[in-house]
Amino acid sequence: MKKIKLLLLPFVLLLTFVLSCQKDMDEAFDLPQVQDNLKGSNLRQTYEKRFKNDSLLTALKIEPIWNTSVEFEHAIEVAFKTDGKLSFPSSKKGLKGGGRERLLLLEKPQGGYSIIKVRYKPSEDFKKDLKKINTGNFTKEQFDGIITLEELSSGKMKVMELSQGKLLKSRMRYKSSRNNNLRVKDDCVLIECFAEDTNWYQWSNASGEWYYTNTNTEYYCEYTYLGECGNVDPNNGEDPYGCDVNPNSPWCNGGGGSSTFGSTALSAGDRPLAIFSSKCDGLSDLWSRSISSGKEVNGVITLDGTFLVTQVSGILGGEFKGVYGYQGTLYYYFPVDGGAAPTFQGTIVSGGKYYIPIKATIHSHTPCVNDGTDGVTGNHSSDDVFFANKFPEASHYVLGCGAIGQFSGTSYGYFNIHTGTISQMCTTLP
């Protein structure tokens with residue numbers, strides 16, 4: 001018996017060393033340990049058994065790190081190694097505050113599984129602990145930055161841009177052979193191509209730590225589809241990660257998701273340039289600013305009928321900043337900047353911003369001053385169609401030269417067109 005014990009001693013020491021290295025590995029990169037979201041379940045064991053010899057993971061040399069699992073009702077998310085290495089999206093913050101990659105193993109409602117690589121790349125504004133972020137809580141944890149979802153079997157990639165947990169916009173991404181930046185925009189699509197770096201680290205048993213090996217550069221193009229220009233979307237408009245396609249996704253159900261995932265927003269606006277209790281006075285001010293500046297001017301009408309002149313845009317328009325749609329209500333939002341707090345009906349204060357419910361948007365068309373048209377007759381731009389389609393929660397108007405017209409996201413023509421003076425046209429606003 002003593003000889004057996006002596007023979008076992010080197011093995012015990014080796015096992016202790018291996019476990020110590022694993023512990024050092026976890027601590028080095030602060031890999032989160034098991035979070036038992038489903039008490040008494042064997043979900044991790046089920047997934048580990050199912051994917052132990054998965055052909056796709058084997059082909060891609062991907063190895064899940066099972067003791068980092070976060071469990072959901074129909075999915076499990078884990079850290080992973082690729083060919084024995086860890087990868088981190090590069091970030092200005094450096095390694096500790098840099099990006100993070102995870103593997104989401106997701107049940108499909110029709111049967112089978114999806115394997116999705118999830119890349120979290122925080123913005124400069126994100127101050128929370130990135131290690132706590134996963135696909136079930138990124139909205140609740142108010143994640144700031146870019147989340148990329150890549151389904152490994154199909155290669156389809158979706159990019160989500162979030163601010164304080166709210167989805168600003170999403171777009172499809174494709175791998176590219178280009179090695180230079182590109183930005184092309186027409187009425188149908190915005191194409192942006194760029195390079196993205198990933199830093200790779202490998203564990204050294206000799207030193208007992210992770211060490212940097214190389215930075216890999218990959219090239220991508222992202223497509224944002226604008227307006228109704230025919231079937232130009234290769235995905236036919238279907239979002240492969242949308243809750244209507246797979247309601248089992250953690251962000252769609254009780255596994256930790258949040259209804260704010262479905263919200264839409266543009267970048268935050270500014271404190272209103274002018275506020276009028278009279279819609280007629282507000283419309284008059286908006287048009288006066290348009291004529292004096294030679295640029296388009298934006299405004300909104302609150303639920304209680306107050307007219308806010310919000311922004312001077314460009315000669316041919318531009319982004320209508322500060323609009324946010326959520327659960328059937330459209331808001332105009334801007335940062336809390338020390339000015340007097342707005343007192344409009346239903347105003348919400350959240351995340352350092354005011355959200356004012358609105359029932360209409362309006363912007364001017366100034367080219368009519370020089371081109372001899374009334375600014376609303378005929379078809380309007382695809383940008384206006386896209387805007388109204390994205391924010392159907394309110395009515396949308398254009399003020400031209402002696403005419404005002406309403407537009408929607410389902411047609412290129414104006415409707416409810418009224419002509420006359422400002423004092424006459426203002427009475428047609430809601």
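**Entry 1: Cys368 and Cys401**

I started with the link of Cys368 and Cys401, which is right-handed, with 85 degrees about the S-S bond. This is a predicted model, so I'm reading these as values of the model. The sulfur atoms of Cys368 and Cys401 sit 2.1 Å apart, and the two form a disulfide. The pair links distant parts of the chain, 33 residues apart: Cys368 is in helix H5 (residues 368–371), while Cys401 is in the loop between strand S20 (395–399) and strand S21 (403–407).

Are the two cysteines buried or exposed? Cys368 counts as buried, at 5% relative accessibility. Cys401 comes out at 25% and counts as partly exposed, because buried means under 20% relative accessible area.

**Entry 2: the other disulfides**

How many disulfides does a search of the whole structure find? I get three. A reminder to myself: a disulfide is a covalent bond between the sulfur atoms of two cysteines.

Next I looked up Cys193 and Cys221, which form a disulfide with their sulfur atoms 2.0 Å apart. This link is right-handed, with 105 degrees about the S-S bond. Cys193 lies in strand S10 (residues 189–204) and Cys221 in strand S11 (residues 209–225), so the pair ties together parts that are 28 residues apart in sequence. Both Cys193 and Cys221 are buried.

Then came Cys280 and Cys426, a disulfide with sulfur atoms 1.9 Å apart. I noted 65 degrees about the S-S bond, and the link of Cys280 and Cys426 is right-handed. The pair joins distant parts of the chain, with Cys280 in helix H4 (residues 279–293) and Cys426 in the segment after helix H7 (422–425), 146 residues apart. Cys280 counts as partly exposed at 26% relative accessibility. Cys426 has 2% relative accessibility and counts as buried.

I moved on to strand S4 (residues 100–107). Seven of its eight residues are buried, so S4 is largely enclosed by the rest of the structure.

Which strands does S4 pair with? Strand S2 (residues 75–82) runs antiparallel to S4, and four bridges join the two.

**Entry 3: positive phi without glycine**

Most residues other than glycine have a negative phi. Which residues have a positive phi although they are not glycine? I wrote down Lys61 and Asp83.

Lys61 has a phi of about 60 degrees. I found Lys61 in the loop between helix H3 (55–59) and strand S1 (62–71). Lys61 is exposed, with a relative accessible area of 52%.

Asp83 has a phi of about 55 degrees. Its place is in the loop between S2 and strand S3 (85–89), and S2 is the strand joined to S4 by four bridges. At 46% relative accessibility, Asp83 counts as partly exposed.

**Entry 4: the whole chain**

I finished with the totals. The chain has seven helices and 22 strands. Of its 430 residues, 46% are buried. Among contacts with a separation of 6 or more, 60% are between residues 24 or more positions apart. The chain exposes about 20,800 Å², and carbon and sulfur atoms supply 52% of that.

**Entry 5: where I should be careful**

The mean pLDDT of the chain is 77, and 76% of its residues reach 70 or more. Over residues 92–97 the pLDDT is below 50, and this stretch has 14 contacts in the model beyond near neighbours in sequence. Residues 230–237 also stay under 50, and for them the model has eight contacts beyond four places in sequence. Where pLDDT is low, the predicted coordinates should not be read in detail.

Technical notes. Residues are numbered from 1 along each chain as its sequence is written. This is a predicted model: local features need pLDDT of at least 70, side-chain atom pairs count only at pLDDT 80 or more; totals for chains, interfaces and linings use all residues. Side-chain values use heavy atoms; hydrogens and water are left out. Buried means under 20% relative accessible area, exposed over 50%, partly exposed in between (1.4 Å probe, protein chains only). Two strands pair if DSSP finds at least two bridges between them. A disulfide is a pair of cysteine sulfur atoms within 2.5 Å. Contact means heavy atoms within 4.5 Å. Accessible areas come from the Shrake-Rupley method with a 1.4 Å probe; for residues, only the protein chains shown count as cover. pLDDT is the predictor's confidence in each residue, from 0 to 100.
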